[in-house]
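Below are my entries, in the order I looked things up.

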Amino acid sequence: MENQIDKLGHIAVLCNKFEETVMFYTKTIGFEKIYDLHYDDGSLLMSTLRSGSGQVLEVFTMKHKGLGNDNNHSFQSLGIETDRFDYVIDKLSSEKIDIYRYKSGEKKLIDKTSEEIESVFFCDPEGNEIELIRGNNDGMLQKYISLKCNNYSETKKFYSEALGMELSDTNTEMMHYTNSLQCKFQVLKTSTESAIVLLDCEYGSDINATDYSFMHYCLISDDIVKTARSLESYGCTLFDNPTFLNNPYTEPYDGKNAGACGSLSFFVKDPEGNELEIMQYTANSKQLK
């Protein structure tokens with residue numbers, strides 16, 4: 001099947017510490033704010049941030065229950081590439097933020113001066129785990145989101161068959177990470193430079209949409225109607241808005257109406273219950289400004 005997905009789009013996070021989180025990504029990591037969206041009453045809904053390598057975060061003012069990134073959630077980590085790797089590591093260290101690697105299934109704090117470092121892990125102010133990866137490192141997958149799976153085989157089938165994502169045979173790109181977590185994994189690549197990494201690691205699943213900071217992630221399609229037909233044929237229900245608003249499409253998705261950001265999109269859930277926003281950019285997309 002043809003790959004339906006061009007690249008990984010944005011990651012959306014809820015924030016208990018909205019201003020601190022925006023400052024962390026802009027001042028420490030080096031993202032820039034590209035636009036804001038507001039409620040009808042004029043109050044701020046979210047800020048959209050973009051890194052120098054093109055990765056996008058949607059940072060929402062809506063709060064979560066503050067449970068952190070524990071083992072009751074499918075989301076594991078987000079891989080961010082940067083050409084300012086050493087500068088960002090210095091900033092993290094100066095701000096007393098723990099940086100670590102995984103060794104034998106455990107987090108091990110590291111001293112940046114003690115060894116040659118190509119990537120590090122740390123948590124943002126909301127508890128979301130980030131892997132910061134040195135840019136232009138051909139031996140590592142540089143833009144990804146990793147997800148723990150209770151239904152590993154079914155979830156792998158969803159991404160490869162319903163969305164046509166490539167089952168990569170170059171899994172050595174993630175060996176530094178997944179071997180340390182001591183679990184089986186599968187890299188599913190988009191048409192370009194990003195990927196989803198599925199981890200065969202069980203987690204607790206009795207969660208609600210606002211329990212954790214991680215809200216949803218976005219995959220970019222070059223033909224959103226074609227992607228919708230593929231998902232509908234696979235038996236998926238498509239939604240006009242985030243699924244917790246319970247607004248499913250009752251007719252096949254037609255791709256005619258753009259959202260407030262200027263892009264075409266719909267929402268769907270994978271077998272783990274992770275919410276995906278499938279999006280196609282238009283000439284009016286704010287993400288491209």
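**Entry 1, strands.** I started with Met46 and found it opposite Phe60 in β4. I then looked up the strands around this spot: β3 covers residues 44-50 and β4 covers residues 56-60, and they pair in the antiparallel sense over 5 bridges. A reminder to myself before I go on: this is a predicted model.

**Entry 2, the sheet.** Next I wanted the strand order of the open sheet, which I wrote down as β2-β3-β4-β1-β14-β16-β15. That makes 7 strands, and the pairing is mixed. Which strands sit at the edges? I noted β2 (32-38) and β15, each of which pairs on one side only. I also took down the twist, which averages 25° from one strand to the next.

**Entry 3, a helix on the sheet.** I followed the sheet to its β15 end and looked for a helix there. I found α5 lying across β15 and β16 (275-280), and it runs at about 20° to β15.

Staying with α5, I checked its charged side chains. Glu232 forms a salt bridge with Arg229, and the closest N and O atoms are 2.7 Å apart. How far apart are the two along the helix? They are 3 residues apart in α5 (residues 224-233), which means a separation of about one helical turn. I looked up accessibility too: Glu232 counts as partly exposed at 25%, and Arg229 is partly exposed at 31%. Elsewhere, I saw that salt bridges with shared partners join Asp86, Glu118 and Arg134 into one network.

My count for the structure is 7 salt bridges. One of them links Asp36 with Lys33, with the closest N and O atoms 3.8 Å apart. Another links Glu95 with Lys91, at 3.9 Å between the closest N and O atoms. Both of these pass the cut-off, because a salt bridge needs the nitrogen within 4 Å of a carboxyl oxygen.

- Asp36 is at 27%, so it counts as partly exposed.
- Lys33 is at 45% and counts as partly exposed.
- Glu95 is partly exposed at 34%.
- Lys91 is partly exposed at 23%.

**Entry 6, aromatic pairs.** I moved on to the rings and counted 10 aromatic pairs. A pair of aromatic rings is described by the distance of the centres and the angle of the planes, so I noted both values each time. Phe24 and Tyr25 form an edge-to-face pair, 5.4 Å centre to centre with 85° between the planes. Are these two residues buried or exposed? Phe24 is buried, and so is Tyr25.

Phe158 is buried, with a relative accessible area of 2%, whereas Tyr234 is partly exposed at 34%.

How values were computed
Residues numbered from 1 in each chain as written. Predicted model: local features only at pLDDT ≥ 70, side-chain atom pairs only at ≥ 80, totals over all residues. Heavy atoms only, no water. Buried < 20%, exposed > 50% of the residue type's maximum accessible area, 1.4 Å probe, protein only. Helix = DSSP H or I, 4+ residues; strand = E, 2+ residues; numbered from the N terminus. Phe/Tyr/Trp six-rings, centres within 6.5 Å; stacked < 30°, edge-to-face > 60°. Pairing = 2+ DSSP bridges. Axes fitted to C-alpha atoms, helices over the stretch in contact; angles between N-to-C directions. Contact = heavy atoms within 4.5 Å.
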